[in-house]
Amino acid sequence: MNKEKRLFYIDRLKWLSMNLYLNRRKKFAELMSTNSAALFLSAVVQKRNNDVEYRFRQNSSFWYLTGFNEPSAALLILKTKQEQFKSFLFVQPQEKDKEIWTGRRAGPVAAKQQTEICEASEIKYLEEFLEKNLSGLEEFYFDFGNSHQERVLEIIKNRRIYKLTSTQNLLGELRLIKDDFEIAQMKEAAKITVQAHKLALSKAKHGINEFFIEAKIEGFFKENGADWAYPSIIASGENATILHYTENKSVLRQGELILIDAGCEKNYYASDLTRTFPIESKFAPAQKDAYNLVLKAQKAAIEQTKIKNICFHEIHRETTKILSEGLLDLGLLKGSLEEVLEKQTFRKFYMHRTSHWLGLDVHDIGSYPEKCYLKPNMVLTIEPGLYFDALDETIPAEFRGIGIRIEDDILITKDDSENLTAEMPKEIHELEQLINC
Ligand SMILES: [Mn+2]
């Protein structure tokens, strides 16, 4: 075995020793009904253009349960009796001529060792295995929406399975509560992201292009063995009023605001951070009014995450209330607070939610039922914003084209919460000091 290959195995063993993936499969199996099976498919290599492919990124759920980072793989969990389950992994075979082009493959033998799975075989046997082993099961859990859906459903149709369920709800329940290992990764991701934002803040000068800021941020991610968790939003001036602006091609102008929403993914775990600040200038009065209002709502929402068992939706309700009150005070909304909240007229300026779950995916899986209470080891974002259309002649001219969002990543702890991105300044005086104008 050559040196590189040895390192590959040592690295794998480090992960292995933690028993992480085995325990997760066990927990998932506990949630499965008796006499059922669950099938998870790996991500597939995606074409970018002609014969160029996007860099492979494993499906988050498949990774969560296997820690196996290859395409064309599948995991089947079979639970035939109470408290008894068996996992089967299907992977690409080792093929020297193909590996020369696209990299090493573990093959079934090494894959079995790496993942502590009961049995591993070549992916070509998957269909045959499903045909042989699924008949008579009462429930089949499947991750809908992947590219092999039709073929799998065809096999299932002929096996007379009573119930077909999405894996999302069960797995969402597990993935919502992060273990110590996951929290460590998320703290690391948050730390790198904060440093990248600090770097961006120091580079955001008049005449610089948005793509230059993007390069600084994403370059910093890469220097630290991370990558973006989602395409960076570097939005100066009125670009900030486009929620998912990713063009990043405008020139920064002194006195305009810049909204930077960028977060890295480190060891598969995401961070998600947004800051808004003026370019080589202090906040202008209207910018300051809008910014202070968003900041007030954001800080109040973070305070709420410290309340034991607070409802996820309550935080959003409180945030919209604070923003609405402020918009009324600024004369940007008309009517009473009750009317604004009931008719949701605030949505003209605040059209998105305050939070989402964060984890392996930046918008992590996990449902948002009506009674959705925050529990220790959940991670969510708090990200209120205000956006004033540049062409909206019904609002005072000084507000037009202003877009502000302030976002932090919050870990719920036993009797409190912890802001994982707290190191990134957001107070006006701190930002103005750093901008140095
Ligand atoms: Mn977010």
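Two strands are taken to pair if DSSP finds at least two bridges between them, and strands (E, at least two residues) and helices (H or I, at least four residues) are DSSP runs numbered from the N terminus. The structure is a predicted model, in which local features need pLDDT of at least 70 and side-chain atom pairs count only at pLDDT 80 or more, whereas totals for chains, interfaces and linings use all residues. Residues are numbered from 1 along each chain as its sequence is written, and side-chain values use heavy atoms, with hydrogens and water left out.

Strand β5 (residues 84-91) runs antiparallel to strand β4 (residues 74-81), to which six bridges join it. The bridge partner of Leu-75 is Leu-89 in β5. The two residues between β4 and β5 complete a hairpin, and Glu-83 in its turn has a positive phi of about 60°. Strand β5 is also joined, by four bridges and in parallel, to strand β6 (residues 119-122), where Ala-120 stands opposite Leu-89.

Helix α9 (residues 180-203) and helix α10 (residues 210-223) have axes, fitted as lines to C-alpha atoms over the stretch in contact, that come within 9 Å and cross at roughly 150°. Because angles between N-to-C directions, which run from 0 to 180 degrees, count as roughly antiparallel when over 145, α9 is roughly antiparallel to α10. The contact (heavy atoms within 4.5 Å) involves residues including Ile-192, Leu-199 and Lys-203 of α9 and Phe-212, Lys-216 and Phe-221 of α10. By class, the contact of α9 with α10 comprises nine nonpolar (Ala, Val, Leu, Ile, Met, Phe, Trp, Tyr, Cys and Pro), two charged (Asp, Glu, Lys and Arg) and two polar residues (the others, Gly among them).

Definitions and conventions: Parallel < 35°, antiparallel > 145°, perpendicular 65-115°, else oblique.
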